[in-house]
Amino acid sequence: MNKELIINAAPHGVDIALLEDKKLVELHTEKVDARFAVGDLYLGKVKKLIPGLNAAFVDVGHEKDAFLHYTDLSPYARSLLKFTAAAIGDKSAEGMDFAVFPNEPEIVKTGKISEVLNGKPNILVQILKEPIAAKGPRLSCEISLPGRFVVITPFNDIVAVSRKIHSSEERKRLQRIVESIKPKNFGVIVRTAAEGKNTAELHEDISELVATWKTIQKNLRGATPPAKILSEQTKTTSILRDLLSADFNKVVINDKELFQETRAYIQKIAPEKADIVSLHQNGNPIFDTFGITKQVKSGFGKTVNLESGAYLIIEHTEALHVIDVNSGYKSVSNNQEQNAFETNLEAAKEIARQLRLRDIGGIIVVDFIDMKLPEHKKKLMEAMEEHMRTDRAKHAVLPISKFGIMQITRQRMKPEMNINTQEVCPTCQGTGKIQSTMLLEDDIEKNLNYLITHRHSDLTVAVGPILYAYLTKGLFWSSKAAKWRRKFGQKITIKEDSTYHLTEYHFFNKDGEEIKL
């Protein structure tokens, strides 16, 4: 699979398109004034405890207080509270040594929020979900700092290896290496990208993350809530950090400064890939050059057409998303069951892409075409799981029910991306109504009468194709145009212009000059 990242720098921010085999699968927008992005660290102030929800509302500077549930506190919440207070009040020149920081006992999983956050303290929190609609950000106290090969988590000594690394020998090798180089008071999660990496590469990644933690300590010193303590990397670098692999063969950017930053970042994390970054300079819009604009327009409408003629209808309600699969004119055989199965398989691939592309979260209900054979239903579910394997958001796919419905849940990290693919009708100006053809005919006749009264002759009326067909229909002597010639006693020509919209018409004199009314 070939992956390409196309980056469009614009006045409003940066648009980032991820292509897989030339097909758009992810679209991200990073605004110039982006705040409360997933991964950002804030010093917040607990404002209100809600025992009934076992949660707290925390002021992090957003217009709506952020939400912190007990299950997102982290077992090391008391250690985090102690560290936050110590770091704020730290006045030593070199800063406190985190390696010897004394941790507090872990909290219990079934505890109460009031037992941990009693007194409404200041607390270091990480954005878990961006603000959505009328809701403020969702927070977590399970602080994690992601690198390219590892993720470090403070206040514990756990070493875990990604389950996506299937080789048991490789998992054991990575476990041994990380345990030997792990800094004290930090847990380390080894990412899938670490597979095959040596000790030096892993040690460098861990060292950079520990340095980031020291920056957090420094930024906390003397801080007063609400305050941003550390920003997540830009969208571009975070995508490259998480996805850069041998499959990546192109990163194209239309901004020189951003090009240099991105090239320097790739030079740092993967020097062998530095040459894949290029600067777009041909003068045409970068998204048009790579066919992204067209894919955006065709991929975000209510109806999504598939190559075979089948199509999807995507509807959004308050509680969930509904996707209806329709066969259209597709027919692969005379067997109705086989037709349904083939269409559903094609739809499953496109549905998985649409979930990533639109970043649809929550509950998704898919109404596939009915199939009778259990093995077809099983294969369809397996196909859907396979297509969604590349989706970085947490998700779950349930088997098809007896009603032919598949239910999918997908983690919602940010507001769903909606792009308007409709344009205002130039004829009705968006009202959904146009003037009656008969009334339009009367208007033309009144204007003809006015012009002829004011001594215009040999007039030509230019109209759109549909209006032309209406005015010239029937036998030559019985058409509307012929009736006007008889009524006004002079030559009147009806001319067709395909560039005119439905109700547009203009008058021209015998010299071909337009007559303005």
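Predicted model: local features only at pLDDT ≥ 70, side-chain atom pairs only at ≥ 80, totals over all residues.
One of the residues to look for is N305, whose bridge partner in β17 is Y311.

Now let us step back to the whole sheet. It is an open sheet of six strands with mixed pairing, and the order of the strands is β16-β17-β18-β19-β21-β20. At its edges are β16, residues 303-305, and β20, residues 395-397, each of which pairs on one side only. From one strand to the next, the twist averages 20 degrees. Helix α9, residues 336-358, packs on this sheet and touches β16, β17, β18, β19 and β21, while its direction makes about 150 degrees with that of β18.

Let us turn next to a pair of helices. Helix α1, residues 77-89, and helix α4, residues 199-220, pack at an angle of about 65 degrees, and their axes are 7 Å apart. On the α1 side the contact is made by F83, A87 and I88, and on the α4 side by W213, Q217 and L220. By class, this contact has five nonpolar residues, one polar residue and no charged ones.

Finally, the domains: the assignment gives domain 2 as 40-230 and domain 3 as 301-410, among others, and the C-alpha centres of domain 2 and domain 3 lie 37 Å apart.

Notes
Residues numbered from 1 in each chain as written. Heavy atoms only, no water. Axes fitted to C-alpha atoms, helices over the stretch in contact; angles between N-to-C directions. Helix = DSSP H or I, 4+ residues; strand = E, 2+ residues; numbered from the N terminus. Contact = heavy atoms within 4.5 Å. Nonpolar A, V, L, I, M, F, W, Y, C, P; charged D, E, K, R; others polar. Domains from an automatic or database assignment. Pairing = 2+ DSSP bridges.
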